[in-house]
Amino acid sequence: MEGGDKSALKRLDETIIEAIVAKTSLSADQIKTWDIEKIEKEIGIKAVTPKKYFAWENGEKVGWQIFPYKFVSRKVFDKRESRLDKLMDADR
């Protein structure tokens with residue numbers, strides 16, 4: 001890196017830290033030295049793991065035909081969609 005790039009990154013880092021200090025109860029020193037897990041605990045952030053879906057679940061949910069099977073009737077599709085909605089809501 002050239003000298004100009006380093007100073008630009010340093011200014012950006014300082015700007016980000018100042019913005020976090022303004023929005024939270026953390027000090028600049030805490031932000032610089034603490035790891036992300038400790039920061040999350042201090043300000044009360046609870047990380048949420050993303051929901052994982054199978055391709056066929058997403059396909060059935062939005063009505064895509066992703067496999068070379070014959071199309072189903074609207075009644076069967078609505079029944080599948082209702083079942084998937086219930087399963088997905090149960091995981092939350």
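Arg-74 is exposed, with a relative accessible area of 58%. Its side chain meets that of Asp-78 in a salt bridge. The model shown here is predicted. The protein chain has 92 residues, and it contains five helices and zero strands.

**Overall build**

- Read from the N terminus, the elements of the protein chain run α-α-α-α-α.
- Of the 92 residues, 11% count as buried.
- The protein chain exposes about 8,200 Å². Carbon and sulfur atoms supply 57% of that area.
- Take the contacts between residues at least 6 apart in sequence: 23% of them join residues at least 24 apart.

- The structure holds two salt bridges.
- One of them pairs Asp-78 with Arg-74, at 3.3 Å from N to O.
- That distance counts as a salt bridge because the cut-off is 4 Å between a side-chain nitrogen of Lys or Arg and a carboxyl oxygen of Asp or Glu.
- Both residues lie in helix H5, which covers residues 74–90.
- Asp-78 and Arg-74 are four residues apart, so about one helical turn separates them.
- Asp-78 is partly exposed, with a relative accessible area of 31%. Arg-74 is exposed, at 58%.

- Side chains of opposite charge can pair when their charged atoms come close.
- The side chains of Glu-37 and Lys-41 meet in a salt bridge, with 3.6 Å from N to O.
- Helix H3 spans residues 36–43 and holds both partners.
- Glu-37 and Lys-41 are four residues apart in helix H3, so they are separated by about one helical turn.
- Glu-37 is partly exposed, with a relative accessible area of 47%.
- Lys-41 is exposed, with a relative accessible area of 63%.

**Nonpolar patch on the surface**

- Leu-9, Leu-12, Ile-16 and Ile-20 form a nonpolar patch on the surface.
- Together these four residues have about 330 Å² of accessible area.
- Ile-20 lies in helix H1, which runs over residues 3–23.
- Ile-20 is partly exposed, with a relative accessible area of 32%.
- A patch residue needs over 30% relative accessible area, so Ile-20, at 32%, passes that cut-off.

Definitions and conventions. Residues are numbered from 1 along each chain as its sequence is written. This is a predicted model: local features need pLDDT of at least 70, side-chain atom pairs count only at pLDDT 80 or more; totals for chains, interfaces and linings use all residues. Side-chain values use heavy atoms; hydrogens and water are left out. Patches are made of residues with over 30% relative accessible area and no salt bridge: like charges are joined within 9 Å, nonpolar side chains (Val, Leu, Ile, Met, Phe, Trp, Tyr) within 5 Å. Accessible areas come from the Shrake-Rupley method with a 1.4 Å probe; for residues, only the protein chains shown count as cover. Helices (H or I, at least four residues) and strands (E, at least two) are DSSP runs, numbered from the N terminus. Buried means under 20% relative accessible area, exposed over 50%, partly exposed in between (1.4 Å probe, protein chains only). Contact means heavy atoms within 4.5 Å.
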